[in-house]
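The sequence and structure come first.

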Amino acid sequence: MVDVKKLVLLIGVGRSGTSAFTGILRELGFLVPQPEVEPDETNPRGFGEPRWAVDWHTRLLKSVRVTTIDSRPAAWAKTLAVGERQEVADELRSWLEVQFVGTERVVVKDPRLSWFLGLWQRCAADLGVEPTFVTMLRPPTEVLGSARQWYGNWQNDASRAAGWTNIMVHTEKEGRGSRRMFIHYERLLADWPGEIARLGRLIDAPDLLDVAADRRDRVAAFVDPSLRRQTPGWDGLDVPAALQQVVDRAWAALEPLGDDEAGDRPTDGLDKVRADYDAFYADTEAIAQSSVRAAQNARGKRSKPAPVESTAPAADQPATPAPKRKRRRRRFLRLRS
Amino acid sequence: MPPRVSVVVPMFNVATYLQDCLDSLAQQSLRDIEVVMVDDGSTDDTADIAVAMAQRDSRFRLVQQPNGGLGNARNNGAEVATGEFVAFVDSDDIVPRHAYETLLGALDKSGSDFASGNVRRMSAIGISPTSFLANVFGQRRLGTHITKFPALIADRIACNKLFRRAFWTENDLRFPEGVLYEDMPVTIPAHFLARSVDVVDRTTYLWRVREGGDLSITQQRTDLRALRDRAAAVDSVSRFLATRGLAEHKRSYDTNVLREDLRYFLDVLDAADDDYRRQFFDLANDFLDRAAPDVATPLPAMQRLKWHLARQRALPELLTVLEFEDRELDSRPPVRRGGDWYGDYPFLDDKDRAVPRDVYRLDHELVPVAAVEQLRWNDDGSLTVAGYAYVDMLGAPARKSQTITLVVEGPDGDLASLPTEPMHRPDVTAEVRSGYASLDWSGFTVTLPPWRLPATRARAGEMHLALEIAGQGLRRRTDQWQWPTPRPPKTPIKTTAWKPVRARVAADGRLEVAIVDDHASASAHRWDGGVLQVEGTLQARDRSAGRLRITRRVGTGELDYPLYLTPSGKPAEFVGRVPVADLLAEVEVADTAGHSEAQGDGVVWDVFTTTRVRRRVAMPLAMEERAWLHNGREIALQRSRFGYLSVVDRSPRPVIQQAAWTSDGELTLSGTFQAPPGDYELLLQRRRGSDERLYPFDVDGAQHRFAATVTVVGIDDPLGSSSLSQGRWEFAVRPRTGSTGGAEPVDVTLDHAALDHLPIVTTAGARTLRFGVLGYDTPLLVVGPDLRDDERGGFHQRLLEQRRYPSQRRRPIRDAVLYICHDGTSYDDNPRAIHEELVRRGNGLEHLWMVRDGRFVVPESATAVRADSSDYYDALARCRYVVANGYVPDVLRPRRGQRVLQTWHGGFVKQQGMELAGRAVARRAYLPAETQRPDAWRFLVSPSAAMTSALRRAFPFAQQVLETGSPRADLLLRPERASLGAEVRTRLGVPAGKKVLLYAPTYRDHLRQGRMRYRLGRTLDADVLRGALGEDWVVLFRRHHQAVGRLAPAGDPFIRDVSDHPSVSDLLLASDVLVTDYTSLVFDQVAMNRPVVFFTPDLEAYRDDIRGFAIPFDRVAPGPLLATTDDVVDAVRDLDLVRRDHEHAYAAFRATYCPLDDGNAAGRVVDAVFRA
């Protein structure tokens, strides 16, 4: 039976062409949930990211102290635990249900979404929708270069490179068994109808196989091949050679997936890369223990650790604060002057 | 499984209307119905239509029976009905699409025994409210009862109800058979027998006012059978109440019978014959014998007096009172005796008649009237209320006449009272029609400080403002408020320190101050390819299972969508999405035919959130209203008048954002219009009339903007009058299509943000022109009469009549002629012919022409005198000659040396004056006006010997009849008439080579449409005319000046409405053939020796019942008397044949009725009257 409702979830790391792909889908009739994150100079054509999804994911990540490009393999267990909370799933399901009112195609893009693939998959299934995960593939050095240019250096290149590896190899693993596809950003810019047709075949959307002329024109006006402004290579990036090797191996393992129609090519090489990365990170974390301890001590002096944020009251807390004593003062219909 | 609703439709010879009725049932949004059509022995095509309907739609079935009458047919239909509910529909009426859905929705909710819905009347000129039901259906009331809501006593129609069939059968309800007035003996008992009743304020029934020749039951009030059956009907109800031991209700009902039912029959006693009068006294006294002695006490004094005299069978006195009521009641101030107020009515203090003084005591009449013109929240939280108030009949002539106190009413008593500041408001006196007293000091203003408005009492419906008026020996209090029209700025909603508050006049007429429920409040809206997304906040503890609910304001349509609510945070944020296609699909099911009666072209949806509690979503003032185009429709998201979010699906329409008066008295309008491509024109339509006026309407399609300019006075229009007539004008826009005269107009609305700036007012000469709001956002132009403030209104008119006129009458007479032609609406007819003859002779007289509403420009040879102005009263008092062609004002009492020349207006076909006595349509207001004024006439012009005898029969005129011929025919017989006709054609824009048909029907007396206005009855079919004559002819449509009704929309190039053209003589000159019915134009056309064709489908009814003929018209008509448009078309196409076939009749008519029309009649009149 053909699924009527189509949910495309764009995952992977920011600056890899996800905005362009979301924009194309929007022109092809997919709903980008509103309101969106406002365009800025880093992405003047718009991010295509629902404001709600960004805020909600951010809140969840904060609650377990995970950042968007977190390099820690251990972070996955934390976000998995958050996603298993019932009230979290209820909220996502409620939001997602509203998005499908009046439309059958929805695309959600948020780099943070990668941390909650299982949660999204379950909630979509509850609504009778099988999601499709789309991962944009762009050489990591381009991604890192773009991130450095637009996001600044609050996170160093090495950390970003590690984060890229962590997210890409782990989301690949999380997405196995699901309907998914990988798309080369470069190919998208060069031949978007071909890549869209690939998606059309995957999600059984015949209208995407041969896009109608009026929509084709609108997409063509939107896609700008000059968007790919970065030149590849490690020069100019401050990443240790050992890490460069890990990243290169990960990219080498991921890249062929973009040639694959359904993203189900054997992934033995990626399993090895992921295991190696996890070990490499454990080693470096062990090496850096003194730095970590020093940072913890410094923060402890300044303030108490912040409590873990929650999106709902804990079980032992009352749902609503105790009623305040009634104030007896009479109130009048006084206008705000 | 039985259907939910059975609809019983009794049918008897209703082929003309039946299909519309059955279609309206077939298209009900409630699908689960059966329709039992009971053919009551029809002899026309009724049964065929019903059979075809039953074949098309299996829900319809036909029962046929020999003729047994309406009640019998209904009863038989009810017996075979199988539905859970049963309704009755008369087969010439229409049921709006949501009617049964709405009524059933109420019953399902309440469990009541029946539901009753609002009714509107439907006539040829549109749909109007049913005034006697206004108090019943003011608001929705579920589960009420006549004992709780006594106004239901007026709810006597059977067809607006949906009965639970178990209730119907358990109480053995049956309509009486073989009588008129079948409804009341069932509906009133049903109201008492029911455990509870639902009152639905929405229109659920359209009651057709027939335009044909038949007089309906209610139009036959001097008919004996009607009298007897009505008396029997009210008697049966009264007895029912007595046998049930409902004494109090019986008393109340009996009072209502005197106030309504029997009063209608009493009020026509002056037009009735002796038999009717005798029967009336018998039946009325029989009824009063069984009524409580004080049954008349709650009635107004005038009615008490009439019933007192009826009880005494004092016919002459009663006739005196009836005449007084008609002519003087509104201008006779009350008198004070020993502290109490009494009506200064006939026989007060008359010792011979010995009518008890208590009969005259005024109480219910001294109604406090309160109008709010300004409601303003001030920055300090205070509320300013301004308007005017007075006690009816007493007025407020001086600063100290009254004191007005504003009272804040709370749920448990008064919360505060504040004295108000009196304001001098002579304009209020000018606005009010009754002439009892001056209202110059009725104005008030008061500012309520915030500490007088406790928030704890400000939940909806709890805190109201009332007025207490004290003075002139009385203290009256009212919480019922009026809004003047056009209304003042929209209902204000302001944000307080923590809540929005509103002050509004609610549906129940009370002025409520309340906190707006903003538990749910929208904050943003988005439009995404046909889906409307609404975001906002909701104060709710339980946030599970949130839904967004969209409810159609008419009917019970409801759409339901998921609603996202943030689980934490206070308040919760929500997001909901509404696919507009769902709304449009509902509209297709909902309504297209019945829409105009209630909601215009738009369908309004209200927006709610539901969790455990349902909350209407408020729309803050800061949130912008928007409209989007979707599949040719306009979807508008807007704020309701009380501050809530609503979605409106409507045709794309102009929204006025800016309005201003220019210094020339022109109204400029601009705004937005998401118009489909094309040219448009602005259409102004006069409310409750048939006047229309077109203006250019410039649309900038790219910018979605429009601009228009409305000229009110000094209009250069060859077809009509030179200014908009007095009244209320509404705005619409329609595509200009050229050939067919325009497509359906769409309404124009006002931008809600612009409402605060309205009304805007200017003056043009003596007129006040106001552009403002009707209802919530309907633009309205109110054109005032061509009178100054000190001339307008009943009180000022009374002063002019009673003071100025007598004082002027004592001044020297002027050598002047005052012409009164068709009540000041034209420069034409006999007065014009006489005027032009006088001017030609140049005898030095001054010429004054009465002009109403600036309708036309008088020629330079005369001076315009504004009708009813002080100059007009001066002229009436001092002009040596008054020349009138019909109406002569009551006030005129000719003085020594003053001569009134009654020219009448040509020959006449229909009976006039005294000959109408005893006819069903004769009215007190009509009869005396024409029978009594002859005492003021000095000369009466007659066109012929035959008409002289008709005039003598019609008018008790003892003085000189000038049998001169018809002066107005002179205008048509001038040597240069051919060139004059061509000139008129050119002015009217008739294309060269086209022939001109002048169609001039008269009104039908039984189709009354307001004071001295009547509808036309059946007219020629415009489509048939267009199809047959469209190529070669142009039709000029000229209705009688007392008639309302249109044949085609304004701007139609084929059928041109020339009803406002100042001269019918010009139109006759320009035409090739006249099609008319019973008008005097036939005499003119024959005088011109031109052909006449008569369209008289109601000939017998008109002759025998409606009006009657003054001449043996059906025998002597100088042309064919035809009953269908097709026949008229055939005759017009072969006028030679018409001439040949009616050659003898034509010649005989001419010899009998136009023997003196030689073009010199005016000269003979002038010789006779002005020689001295």
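**Assignments and their criteria**

In chain B, Leu1121(B) of β58(B) is the bridge partner of Phe1094(B). The model is predicted: local features require pLDDT of at least 70 and side-chain atom pairs pLDDT 80 or more, while totals for chains, interfaces and linings use all residues. Residues are numbered from 1 along each chain as its sequence is written, with chains lettered from A and ligands numbered from 1 in the order in which they are written.

Q: Why do β55 and β58 of chain B count as edge strands?
A: The open, parallel sheet of six strands runs β55-β53-β51-β56-β57-β58 (chain B). β55 (1055–1057) and β58 (1121–1122) each have a single partner strand, so one side of each lacks a neighbour in the sheet.

Q: Why is Asp172(B) called exposed?
A: A residue is exposed if 12 or fewer other C-beta atoms, placed from the backbone, lie within 10 Å of its own, buried if 20 or more do, and partly exposed in between. Asp172(B) has 6 such atoms and is therefore exposed. This residue sits in the loop between α5 (165–170) and α6 (184–193) of chain B, and its phi is near 50°, a positive value in a residue other than glycine.

Q: What makes Asp349(B) exposed?
A: Asp349(B) has 12 other C-beta atoms within 10 Å, so it is exposed. Its phi is also positive, about 65°, and its place is the loop between β11 (340–342) and β12 (368–377) of chain B.

Q: How do you know that the buried residues of α21(B) line one face of the helix?
A: In α21 (residues 1022–1029) of chain B the buried residues are Ala1022(B), Leu1025(B) and Leu1029(B). Seen down the axis, they fall within an arc of 65°, so they line one face; the arc is that of the directions from the helix axis to the C-beta atoms. The face turned away from the buried side carries the exposed residues Asp1023(B) and Gly1027(B).

Terms used:
Pairing = 2+ DSSP bridges. Helix = DSSP H or I, 4+ residues; strand = E, 2+ residues; numbered from the N terminus.
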